[in-house]
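Thanks for coming. I will go through one structure today, starting at a loop and ending at a pocket.

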Amino acid sequence: TSDIAYAAEFVGVELMNTHPELRIIACTAKSDNIALLIRKDRNITSPQDLKNASIALCKGTAGEFFLGRYLTLNGMDITEVQPIYLSPDGLISGLFSGKCDAAIIWEPHVYTIQKQMGSDVLIWPAQGGQQFYWVAYTLESLIQNHPDIIQKYLISLSKAEEYMLYHDQESKKYILSKFNLTEDYYTNLMNKTKYQLNLDQGLLLALEDEERWLKQYNPSIMQKNMLMFMNETALRSIRPDAVTIIR
């Protein structure tokens with residue numbers, strides 16, 4: 001088991017229904033890298049052509065939320081397409097093999113598919129200008145029993161952010177080497193992601209928006225105060241300027 005976990009904020013919104021002890025202690029990045037990838041041989045040239053199309057997605061991820069939002073913004077809903085729930089690897093193989101007409105997925109998979117399929121795949125931005133957040137999760141018990149661990153973790157993140165800001169070339173060199181990335185992919189990723197340690201009002205609004213979306217499909221979900229799941233004490237103690245949520 002882990003004391004601290006890292007995932008998109010939508011993952012936490014779903015888990016909060018069954019794990020009320022879950023807490024968000026920081027956001028480290030905002031991304032706009034989720035895309036709808038469509039096989040070009042399926043004659044899908046506009047959002048309305050997605051009606052009755054088979055679309056692969058990962059259940060319980062930000063991709064699920066953004067597909068629903070994309071369809072809504074284009075006058076449709078999930079009942080008008082054929083969702084196929086697969087793992088990330090399954091999404092890739094499903095698109096390659098033609099098992100599905102389209103897939104909604106994030107980086108690095110978008111980049112990988114684009115490189116392998118080339119002009120055989122269409123790539124449509126799926127987030128509509130709404131970024132998703134990469135956040136750090138822990139449990140209320142760890143915050144209460146080991147506040148020093150939380151503080152040291154956030155201090156490390158703050159120092160990493162500062163290093164990336166003032167030593168961008170050194171950071172780039174380290175990341176390329178550590179994760180065996182190409183410079184092309186690194187540039188692609190950095191153009192779609194903003195790294196910043198904070199807890200801002202935008203995150204709170206995103207959590208509330210996603211909970212409302214989930215409740216549409218599961219009315220039994222109890223309405224929650226999302227502020228209850230955010231603990232900014234440690235971050236405020238080391239970076240008070242980074243906390244802008246309104247209580």
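**Loops, helices and a pocket**

Asn-43 has a relative accessibility of 65%, so this residue counts as exposed. Before going further, note that this is a predicted model. Asn-43 sits in the loop that joins strand 3 to strand 4, the latter being residues 54-57. Its phi is positive, about 55°, although Asn-43 is not a glycine.

There is another asparagine to look at. Asn-180 also has a positive phi of about 55°, and it is not a glycine. You will find Asn-180 in the loop between helix 7 and helix 8. At 70% relative accessibility, Asn-180 is classed as exposed.

Now move to helix 4, residues 109-117. In the loop between strand 6 and helix 4 you will see Pro-108. The peptide bond leading from Glu-107 to Pro-108 is cis, with omega near 10°. Just after helix 4 comes Gly-118, with a positive phi of about 55°.

Which residues of helix 4 are buried? They are His-109, Val-110, Tyr-111, Ile-113 and Met-117. These buried residues pack against strand 3 (35-39), helix 3 (88-97), strand 6 (102-105), strand 7 (121-125) and helix 8.

That brings us to helix 8. Its buried residues are Tyr-185, Tyr-186, Asn-188 and Leu-189. Looking down the axis of helix 8, you see these buried residues fall within an arc of 165°, so they line one face of the helix. What do they pack against? The partners are helix 4, helix 7 and strand 9.

Next, a glycine. Gly-63 belongs to helix 2, which covers residues 62-73. Is Gly-63 buried or exposed? Buried means under 20% relative accessible area. Gly-63 has a relative accessible area of 1%, so it is buried. Setting aside neighbours within four places in sequence, Gly-63 is in contact with Ile-34, Ile-104 and Trp-106. For a sense of distance, take Asp-120, which is 57 residues from Gly-63 along the chain: the two C-alpha atoms are separated by 22 Å.

Ile-104 comes up again when we turn to Leu-36. The largest nonpolar core has 72 residues, and Ile-24, Leu-36 and Leu-203 touch the most other members. Again leaving out neighbours within four places in sequence, Leu-36 is in contact with a list of residues that includes Leu-50, Ile-55, Leu-67, Tyr-70, Ile-104 and Trp-124.

Last, the empty space. Rolling a probe the size of a water molecule over the atoms shows where such space is left. The largest pocket here has a volume of about 840 Å³. How many residues line the largest pocket? There are 30, and those nearest its centre are Tyr-6, Met-164, Ile-175, Phe-179 and Tyr-195.

Several elements supply at least two lining residues each: strand 2 (22-31), strand 8 (132-139), helix 6 (147-166), helix 7 (168-178), helix 8 (183-192) and strand 9 (193-198). Helix 6 gives the largest share, 6 residues. By type, the lining divides into 21 nonpolar, 6 polar and 3 charged residues.

Key: Residues are numbered from 1 along each chain as its sequence is written. This is a predicted model: local features need pLDDT of at least 70, side-chain atom pairs count only at pLDDT 80 or more; totals for chains, interfaces and linings use all residues. Side-chain values use heavy atoms; hydrogens and water are left out. On a 1 Å grid over the protein atoms alone, a cavity is a set of points where a 1.4 Å probe fits but cannot get out, and a pocket is an open set with protein on both sides within 12 Å along at least five of seven lines; lining residues have an atom within 4 Å of a point. Grid points are joined across faces, edges and corners, and a volume is the space filled by probe spheres set on the points. Helices (H or I, at least four residues) and strands (E, at least two) are DSSP runs, numbered from the N terminus. Ala, Val, Leu, Ile, Met, Phe, Trp, Tyr, Cys and Pro count as nonpolar, Asp, Glu, Lys and Arg as charged, and the others, Gly among them, as polar. Buried means under 20% relative accessible area, exposed over 50%, partly exposed in between (1.4 Å probe, protein chains only). The arc is that of the directions from the helix axis to the C-beta atoms. Contact means heavy atoms within 4.5 Å. A nonpolar core is a set of buried Ala, Val, Leu, Ile, Met, Phe, Trp, Tyr and Cys residues joined through side-chain atoms within 4.5 Å.
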